[in-house]
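Please look through the chain shown below before reading the questions.

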Amino acid sequence: MERLTSALGARRSDTLTFEELVRQSGLDEELVRLATDTGLVRPLRTSAGGADDAPDTASGAADGEGAMAGTLYSAGALTMLRAATELLAAEMPLDDLIGLALRHASNMEAVAADAVGLFADRFADVPTAQRADLAARLIPLVTDLVAQHFRESLVEHATERILAGDIDDEPARSDAMATDSPDARSAGDPGRRTSAGLRTRTALTLECRELSGELDPLAVFAASDAHQRVYWACPDGDLEFCALGSAFDATAEAGTDRFASVADTLSLLDVTVSGDSGHPIGPLAVGGFSFRPDAPAADSVWAPFGTGCLTVPEVLVVRRSGQSWLTSVPGAPVWPVMAASRSGVGGACATCGAADGSGVCGLAAAAGAPGADCARDDTTVRGDAGDDLTGTAAGSLADPELEAGPASDLNAAALAVLGGGYQVDDGYTELVRRALGRIAEGGLDKVVTARELHIASGLEPIAVLNRLRSRYPSCVTFAFGCGAQTFFGATPEQLVHCDGLRLQTDALAGSGPRVGDPARDRELAAELQRDPKELTEHAMVVTDVRDTLRTCGAALDAPSPTGVMELRRIMHLHTPISGRVPAGTTVLDLASALHPTAAVAGLPRRVARDWISEHEGFERGWYASPVGWTTLDGRGEFRVALRCALTGPAETRLFAGGGIVEGADPDAELTETNIKLEALLYALEDD
């Protein structure tokens, strides 16, 4: 131990007492205690568990000076405190510095434990005396490697920010100048830079009004011809919305920092909301990201979607807890909302609730329609007559009006043309065999193989979405329209939900069939929970998610038991994961760290992702990728886009995949993808 501590620079002759550390650092005693408590500065241990061990920092802080008196610190602790002194002298915020220290300490604990574990595994068979020599020689090299990597990464990121204009040597030319410029108010150019390199800010005003009755967001989506349109429904989570048009786009830059580039652009937006208060979630940015960080080819079907984008819509209709809300840019076209309200029982006005037969008076006034006259002014709360307005069917998720007509006929015809041909796919079973061969070679523990099913016709997704939200209330039914293309589906997998300091996510991996007979389904669920292959796959995902969240500084709750999520035709092993995140952590931060999870890529992630790109044979686009929403203060939810399809005027592509680990059977994996495809295929026609 003496040999190792000497090699690491922690010699007894170099140590300082707590009092010496306070005196030589020049810091207040409480700040030094705080630095110790956060893990920025750590006391020495003079033996491996002996009586001379330094006291636990938490108990030391609690017990006062007596407990700290015998604590020893290395000379490096003084170096760190002097660096902290310089930062504080530069008026760096203390709370933020402490937050960084906590996050750094958490990450370094994990890295240190992994490094020691790697060393122990590599030299387990070496005699003890030789292990001590090896440790004294090699562990300092690991320290140098990690420290140098961190230093170079810090310099690289700072350089990028300086070149981007985020850190400027002319602080007098501040955000105030940028915000006051006319260009700063242009929502169509959110990322513009001045000649001095400073990015401009964008001011955006939104009007919010509570509608008098429940307006169906899917009916609004169906009525719209906006180039950008989004539909989102989580019945069990009591949230449904439709977002139309674009008031502000945060477009992802291709590359590994695309989530950060979107967050950076959103940070330039200043929003003012007028009108009714009490909106359940506030202004939203909605959208998603591609599976890979590379930009799609110009002629790709995914080209309109790009590598990712979050949009603050011109028109947002939210339905939650029996209420409906409309948030819009002044003067935005709200006629799709008006059209949806017309189908309400009695034609009640969506704004004032008056059953005058028009169904649109207040919204027509908002749209500037001539002769409009609404009985409600902008400050009146919802009227009693609002119960008559159902949008397309208040309180009902599946609306018969959305089922009927040529759209349903088109979808049923496409299903009839497809027939059962999708159930045989020799190319996919061969892909699974290649994956198993690669796993057997070593260096790849799991890879998620997927297949793409073509239908030679377009679909009308409205009827499908209507059925999906009714049949899968525990899933999120979603649709992202971009021009003539619509990407839609119903996903069971939550990537992450962040509400302030709390996070929630799921590990969802390992699948089996569900037949609809309660007794048989119980047997199948029990078999799934005993299946070695499925349990192995699931355990990999749980470990990967928990480890990733810890690197984000999350303090995770005690592990939850693994259960079974049952859907109409399939069941999955399911483990909820929750915890607390450091202040300032956003849902985009967490989504960036988690994507792509082991459930949709494999392990190790980079190796699996590269293998997929080389062998899968089609472009995933937004399939198996994060889609969702965020508030402007960082709360929100992203789901993994599964059980989904991309449809356009001439063709439709459906996607499904499965996790391949050692012991997988290619034919069984094909059957699993068929079951997943049928979640959408059977929604092309009614039960």
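What follows is a set of questions and answers about this chain.

This is a predicted model, in which local features need pLDDT of at least 70 and side-chain atom pairs count only at pLDDT 80 or more, while totals for chains, interfaces and linings use all residues. Residues are numbered from 1 along each chain as its sequence is written, and side-chain values use heavy atoms, with hydrogens and water left out.

Q: How many helices and strands does the secondary structure of the chain come to?
A: Helices (H or I, at least four residues) and strands (E, at least two) are taken as DSSP runs and numbered from the N terminus. Counted in this way, the chain has 22 helices and 24 strands.

Q: What percentage of the 687 residues of the chain count as buried?
A: A residue is buried when its relative accessible area is under 20%, exposed when it is over 50%, and partly exposed in between, using a 1.4 Å probe and protein chains only. For the 687 residues of the chain, the buried share is 48%.

Q: Is strand S19 largely enclosed or largely open?
A: Strand S19 covers residues 570-580, which is a stretch of 11 residues.

Q: How many bridges join strand S16 to S19?
A: Two strands pair if DSSP finds at least two bridges between them. S16 (residues 502-513) runs antiparallel to S19, and one of the facing pairs places Leu-508 opposite His-574 in S19. The number of bridges joining S16 to S19 is 10.

Q: Which residue in S19 is the bridge partner of Val-564?
A: Strand S18 (residues 563-566) is antiparallel to S19 and is joined to it by four bridges. S18 and S19 form a hairpin, with three residues between them. Within S19, the residue bridged to Val-564 is Leu-573.

Q: Which residue in S19 is the bridge partner of Leu-556?
A: Strand S17 (residues 555-556) pairs with S19 in the antiparallel sense, over two bridges. The partner of Leu-556 in S19 is Gly-579.

Q: Which residue in the turn between S15 and S16 has a positive phi?
A: Strand S15 (residues 494-499) pairs with S16 in the antiparallel sense over three bridges, and Cys-498 stands opposite Leu-503 in S16. The two strands form a hairpin with two residues between them. In that turn, the residue with a positive phi, of about 75 degrees, is Gly-500.

Q: Why is H19 called oblique to H20?
A: Helix H19 (residues 532-551) and helix H20 (residues 587-594) pack at an angle of about 135 degrees, with their axes 10 Å apart. Angles under 35 degrees count as roughly parallel, over 145 as roughly antiparallel and 65 to 115 as roughly perpendicular, while the rest are oblique. The angle between H19 and H20 therefore makes their arrangement oblique.

Q: Which residues does Thr-429 touch, not counting residues up to four places away in sequence?
A: Thr-429 is found in helix H16 (residues 426-441), and it counts as buried because its relative accessibility is 6%. Contact means heavy atoms within 4.5 Å. With residues up to four places away in sequence left out, Thr-429 touches Pro-666, Asp-667 and Leu-670.

Note on methods. Axes are lines fitted to C-alpha atoms, for helices over the stretch in contact, and angles run from 0 to 180 degrees between N-to-C directions.
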